[in-house]
Amino acid sequence: MLYASLKAVHLLAVIVWIGGMFFMLHCLRPAAALLEPPLRLTLLHATMRRFFVAVLASIVVIAVSGVAMISMAWSSARRSNLLFNMPLDWYTMIVVFVLMTAVFVHVRWVLFRRLGAAVAAQRWPEGAAAAGAIRWEVMVNLVLGIFVVVAVRLGAA
């Protein structure tokens with residue numbers, strides 16, 4: 001029961017992160033393009049500020065639940081006097097999670113700060129450049145997220 005609950009929470013956090021990136025790139029951004037740069041960049045900045053709080057919470061939940069599930073599997077194998085061998089898809093999840101987290105850290109603490117400074121100073125071309133860089137890195141993370149979901153699903157088949 002505990003393992004299943006951890007897995008559900010883990011998956012929900014993944015859905016928040018990947019779903020939020022899809023929404024930002026394919027729903028909000030194209031709709032915001034109809035606005036003038038001051039309104040568009042202010043809207044994107046305010047939305048990202050809120051979304052990044054959710055992503056940070058998702059990262060913590062994914063890490064804690066993932067470590068807990070691995071620990072439970074290891075403990076179960078040990079109690080049964082078996083060797084614990086993590087499946088390849090678990091290694092894939094860990095590596096992609098670390099990569100996605102690194103990209104997020106760069107987006108949140110480098111590019112997003114540039115966007116915020118540009119919006120505060122009303123330097124719209126600089127803000128547009130920062131938003132474009134954020135878009136690119138979020139797209140990379142979305143592709144990584146989709147890859148890991150597909151890889152894990154294929155590994156479980």
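Because the model is predicted, local features need pLDDT of at least 70 and side-chain atom pairs count only at pLDDT 80 or more, while totals for chains, interfaces and linings use all residues. Residues are numbered from 1 along each chain as its sequence is written, and side-chain values use heavy atoms, with hydrogens and water left out.

The protein has 4 helices and 0 strands. Helices (H or I, at least four residues) and strands (E, at least two) are DSSP runs, numbered from the N terminus. Along the sequence the pattern is α-α-α-α. Helix H1 covers residues 2-32. H2 covers 37-79, H3 88-120 and H4 124-156. The C-alpha trace spans about 65 × 25 × 25 Å along its principal axes. Of the 157 residues, 34% are buried. Buried means under 20% relative accessible area, exposed over 50%, and partly exposed in between (1.4 Å probe, protein chains only).

Ile-15 lies in H1. Ile-15 counts as partly exposed because its relative accessibility is 49%.

Side chains of opposite charge can pair when their charged atoms come close. The whole structure holds 1 salt bridge, defined as a side-chain nitrogen of Lys or Arg within 4 Å of a carboxyl oxygen of Asp or Glu. Glu-126 pairs with Arg-123, and their closest N and O atoms are 2.7 Å apart. Glu-126 is partly exposed at 43% relative accessibility. Arg-123 is also partly exposed, with a relative accessible area of 35%.

Rolling a probe the size of a water molecule over the atoms shows where empty space is left. The search used a 1 Å grid over the protein atoms alone: a cavity is a set of points where a 1.4 Å probe fits but cannot get out, a pocket is an open set with protein on both sides within 12 Å along at least five of seven lines, and lining residues have an atom within 4 Å of a point. Grid points are joined across faces, edges and corners, and a volume is the space filled by probe spheres set on the points.

The largest pocket holds about 780 Å³. Its lining has 27 residues, with His-10, Val-14, Met-69, Met-93 and Val-152 nearest the centre. H1, H2, H3 and H4 each supply at least two lining residues. H3 gives the largest share, 8 residues. The lining has 21 nonpolar, 3 polar and 3 charged residues. Here Ala, Val, Leu, Ile, Met, Phe, Trp, Tyr, Cys and Pro count as nonpolar, Asp, Glu, Lys and Arg as charged, and the others, Gly among them, as polar.

The structure also has 2 cavities of 30 Å³ or more. The largest cavity has a volume of about 120 Å³. Its lining includes Met-24, Arg-29, Phe-51, Phe-52, Arg-135 and Val-138. H1, H2 and H4 are the elements that give two or more residues to this lining. By class, 9 are nonpolar, none polar and 2 charged.

The second largest cavity has a volume of about 60 Å³. Among the residues lining the second largest cavity are Trp-17, Phe-51, Phe-52, Phe-104, Glu-137, Val-138 and Asn-141. H1, H2, H3 and H4 each supply at least two residues of this lining. The lining has 9 nonpolar, 1 polar and 1 charged residues.
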